[in-house]
Structure formats: structure tokens, C-alpha cells
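Here's a quick briefing to read with the picture open beside you. Take a look around first, and then we'll go through a few spots together.

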Amino acid sequence: QVQLVESGGGLVQAGGSLRLSCVASGGAGSINAMGWYRQAPGKQRELVATMSLRSTNYADSVKGRFTISRDNDKNTVYLQMNSLEPEDTAVYYCNARPRLFDATTYWGQGTQVTVSS
């Protein structure tokens, strides 16, 4: 199965920036889609941003502030987070869907992002 290892979370003041990284290993060939989700205390996990070969999408709450990118040769996905707000505080999870024709997905362990006001 695919293993996802995340890094880059931490504590930052409002208006600051963080860059999250997620490295995928253990799969066969390139991964079709990778992305980021987040879960704040007391809330359900929500989509932040995803990127596949054919499309990229963002949650409305992060459009214009967050940017997702990929290094497909390294099976790595990044999330550049700018203009962070306290409402962005959450555990951020990396997600991978290796094959377009297979709905199987994998999750990372999560990395904490805390934005102080």
C-alpha cells in the first residue's frame, strides 16, 4: 500500500505562511491524484485542495491564499499556505488516490497547523 509522510506543520501568527510537504512511497508508478484535507476540533474533515493529472481544485475558504503543487517524479505534493487565519487551525492530512479507475485512497498521519490571532 501507499505510505504518506507529511511535514511542515507548526505554529504561526495570523498573516504568516507555512509550506506543507507530503511524500508518497510504496506505490507502483505515478499517483493519479494527491491532495490535502483538514479537520478542526469539533468539525468534520474537509477538502482543502487536490491536484490530479487533469484538474486542480480548492475549497472556497482557501482560494487565493493556498497553492497546491506536485513533483510527480518524487511523488510529492506541497501546500503553500499564505495569509493564514486562525480559522485555518486544524490537523492537515495528505491524501492520495493512486489510480483513476480505482477509488482506493490513502491517508497520512496528519500534521498540526496552529494559527494564532
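What is the torsion about the S-S bond of Cys 22 and Cys 94, and is the disulfide left-handed or right-handed? The torsion is about -85°, so this disulfide is left-handed. Keep in mind that you're looking at a predicted model.

**The disulfide**
- Search the whole structure and you'll find one disulfide.
- That disulfide links Cys 22 with Cys 94, with 2.1 Å from S to S.
- Cys 22 sits in strand β3, while Cys 94 sits in strand β9 (residues 90–97), so the pair ties together parts that are 72 residues apart in sequence.
- Both Cys 22 and Cys 94 are buried.

**Ser 21**
- You'll spot Ser 21 in strand β3, which covers residues 18–25.
- Ser 21 has a relative accessible area of 17%, and buried means under 20%, so Ser 21 counts as buried.
- Leaving aside residues up to four places away in sequence, Ser 21 touches Val 5, Glu 6, Ser 7, Trp 36, Val 77 and Tyr 78.

**Gly 26**
- Gly 26 belongs to the loop between β3 and β4 (33–39).
- Is Gly 26 buried or exposed? Its relative accessibility is 57%, and the cut-off for exposed is over 50%, so Gly 26 counts as exposed.
- Now find Gln 1: Gly 26 and Gln 1 are 25 residues apart in sequence, and their C-alpha atoms are 5.9 Å apart in space.

Terms used
Residues are numbered from 1 along each chain as its sequence is written. This is a predicted model: local features need pLDDT of at least 70, side-chain atom pairs count only at pLDDT 80 or more; totals for chains, interfaces and linings use all residues. Side-chain values use heavy atoms; hydrogens and water are left out. Helices (H or I, at least four residues) and strands (E, at least two) are DSSP runs, numbered from the N terminus. Buried means under 20% relative accessible area, exposed over 50%, partly exposed in between (1.4 Å probe, protein chains only). Contact means heavy atoms within 4.5 Å. A disulfide is a pair of cysteine sulfur atoms within 2.5 Å.
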